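Dear colleague,

I am passing on a structure for you to look over, and my notes on it follow below.

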Amino acid sequence: MQRLSPTDTAFLLMERRHMPLHVGGLMMLKPPEGAPPDFAAQLAQRLLQSAQAAKPFNLRPMSRFGLAFWESDSTFDINQHLVHLALPKPGRIRELLAMCSRVHAQHLDRAYPLWRMYLIEGLEDGRIAVFFKIHHSVVDGVAAMRLIMKSMSEDPLESARMPPTWEMAPRRREPAMPVSGVATSPLGVLSGLSRGGLSAVPNVFNHLKQTWQDRRHGNPDVVTSTQAPRCLLNQPITASRRFAAQSYATPRFRNVAAAMGGTINDVVLAVCSAALRSYLLEMDALPEQPLVAVVPVSIRRDDGDSGNEIAFAMVNLATHLSDPLDRLQAIKACMDYSKARFKQLSPAELQAYAVAQMVPGALSMLSGLSRERVPANLVISHVPGPRQDMYWQGCKLDGMYPASLIIDGFAFNITVISRHDFVDFGLIGCRRTLPSLQRILDHIEDGLAELEEAVAA
């Protein structure tokens, strides 16, 4: 047995009927040249022959003496985890996203290891899709990406001979350089002080003191947990979900970033800001004060591919500004401030710092002292993806669209995977709370085009 960390345990304890806490993703795959019409059926039949799973795919949760543990499932049944589906005609992306919305809303059975894969055929363009979901108690965003990537290859023939994702042996947890990227959920705030201990307190306290002093002295680049305005995104949720996804060419983001001296992540946040501004204006629900995003940051310092090792930054999205370049510059300045602060903290200190930052806003919200403010408005995550063409089971990867989780008070999540040629956006929200959520994809395109025009001018 393996005891769960406090963070991983929290993801199990906080799950509710209307609030499943797994993360997922949609992979679009092009079958190999000359593939027969029943290629997907043959692939499903081959994968269903699997009789074993490696960690963490063979672990199921159990409780003993009030504590949570992982135990190996000695009766692994692939039929519980792999599902072969076909889209109703005409097999458009619309039907695919509707199917993914439904399966993502369904809970994982805790009597089994907490993951499931759906192999989906019937797309009108001949591609096949894989929707994969795994509980957030098992992995964070960076770890989930590693689990998927290690079952892929740059060589299509080699990928066809590779074991399926759940049979791949886990990586050894050896020291490595810090990972540059982010993970995927608002519940990452729960991970802080459990790792830092007393040794982290003095440095964390000094940085918190400096942050609040900077905020009190009017530094616009500092964001605290007491300034986000309550809005449409901060409502209770239902059990229904709406999943929307779209790809945008990476060079478009790179060109804007280069022109403004920023990063691709700065541009991603700026187009998300533009899209949210447009959507809330349509709904006549845009607050006068700027929205605030939680941006999870990976602090993983090894090659491990399980568990949660995340902190987060808080970012002013500048949605009160109408000029796209002004918004981008405000977002970049805010991220630069956070990066400079993070460089002075160890991973344990950073987690403690992130949690302590959220405490004032969380206490104010839970106590009911402030009905106009929330700790943040949404989560925006950016996970680094493959930097070259990749293949899975002989099929070329043609898109990776993450589907994260939402909770009460955080009814919307944007998660992004950046590949070498495309930036793939995955949006997940409460279907009833956020009507016509898919329109945000159009607003993302408009926001990116607006930035391109502005830097060209």
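Which residues in helix 8 meet which residues in helix 9? T250, F253, R254, V256 and A257 in helix 8 meet I264, V267, V268 and V271 in helix 9, where contact means heavy atoms within 4.5 Å, and helices (H or I, at least four residues) and strands (E, at least two) are DSSP runs numbered from the N terminus.

Before going on, please note that this is a predicted model, in which local features need pLDDT of at least 70 and side-chain atom pairs count only at pLDDT 80 or more, while totals for chains, interfaces and linings use all residues. Residues are numbered from 1 along each chain as its sequence is written, and side-chain values use heavy atoms, with hydrogens and water left out.

Helix 8 (residues 250-260) and helix 9 (residues 264-282) pack at an angle of about 105° with their axes 8 Å apart, the axes being lines fitted to C-alpha atoms over the stretch in contact and the angles running from 0 to 180 degrees between N-to-C directions. Helix 8 is therefore roughly perpendicular to helix 9 (65 to 115 degrees; under 35 counts as roughly parallel, over 145 as roughly antiparallel and the rest as oblique).

The protein has 12 helices and 17 strands, and of its 457 residues 58% count as buried (under 20% relative accessible area, with exposed over 50% and partly exposed in between, for a 1.4 Å probe and protein chains only).

T165, in the loop between helix 5 (156-161) and helix 6 (193-196), counts as buried because its relative accessibility is 2%. Leaving aside residues up to four places away in sequence, T165 touches F57, M117, L147, I148, S151 and W392.

Some backbone features also deserve a careful look. Most residues other than glycine have a negative phi, and most peptide bonds are trans. The peptide bond from K55 to P56, however, is cis with omega near 0°, and a further cis peptide bond, with omega about 10°, joins K89 and P90. A318, which is not a glycine, has a positive phi of about 55°; A318 lies in the loop between strand 11 (310-316) and helix 10 (324-342) and, at 0% relative accessibility, counts as buried. S436 likewise has a positive phi, near 55°, but at 31% relative accessibility S436 counts as partly exposed.

Best regards
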